[in-house]
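Please have a look at the model below before reading on.

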Amino acid sequence: MEWIIGLIILIVILAILFSMYNSLVRLRNAAGQFFSQIDVELERRNDLVPNLVNTVKGYASHEKEVLEEVTKARQHLINLPQGATNKEKLAASDDLSNALSRLLAVSESYPDLKANQNFLSLQEELTNTENRISGSRQAYNRSVMNYNNKIQSVPHNIIAGLFNFTEMTYLEIPDSKREVPNVSF
């Protein structure tokens, strides 16, 4: 009879441990899935860029430097090595975002371009994609926070330590984007 009680206690303890381990795996995988969604949106943006650049080229051919900067930033992002870290991917993505911002600012100087339906459509698509990237980054950071909270909390921290669950890093805004823009009238 005592061995049955001992067996029941052992089964309950194992069930609790398995449950804790599985919750850590689910949270880690959720964060990975959210980062994958960022990758999907970055790819979508990369696909839009050549169309946007070609549309602007027709109107602003003398803005060669800005167009080349966008193209170069896109190529850099596309040509990242297979094992590039999340931080490297996001840095390259931020470079492309900055180049695209400059391209859209240049387009303000061309009323015909601003009225072009193809350009307006591409600009709207790009804006929507940037918003989805931003939303995906927020979801990723939220899932990283949930995961990190779990692996730092008792008793999950014991299981996390035993099975080498390590903290994940947040996606942060690069210092260049934290600066307040200089606006003059």
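Phe 165 has a relative accessibility of 7%, so this residue counts as buried (under 20% relative accessible area, with exposed over 50% and partly exposed in between, for a 1.4 Å probe and protein chains only). Tyr 21, at 30%, is partly exposed. This is a predicted model, where local features need pLDDT of at least 70, side-chain atom pairs count only at pLDDT 80 or more, and totals for chains, interfaces and linings use all residues. Residues are numbered from 1 along each chain as its sequence is written, and side-chain values use heavy atoms, leaving out hydrogens and water.

Rings of Phe, Tyr and Trp (its six-membered ring) pair if their centres lie within 6.5 Å; planes under 30 degrees apart are stacked, over 60 edge-to-face, and the rest tilted.

| Pair | Centre to centre | Angle between planes | Type |
|---|---|---|---|
| Tyr 21 and Phe 165 | 5.5 Å | 75 degrees | edge-to-face |
| Phe 35 and Tyr 140 | 5.5 Å | 70 degrees | edge-to-face |

Tyr 21 sits in helix α1 and Phe 165 in the loop between α6 and α7, 144 residues apart. Ring pairs also join Tyr 21, Phe 163 and Phe 165 into a cluster. Phe 35 and Tyr 140 are both buried.

Now for helix α2, where Val 66, Leu 67, Val 70, Ala 73, Arg 74 and Leu 77 are buried. Down the axis of α2, these buried residues fall within an arc of 130 degrees, so they line one face of the helix (the arc is taken from the directions from the axis to the C-beta atoms). On the other side of α2, Lys 64, Glu 65 and Lys 72 are exposed.

Terms used: Helices (H or I, at least four residues) and strands (E, at least two) are DSSP runs, numbered from the N terminus.
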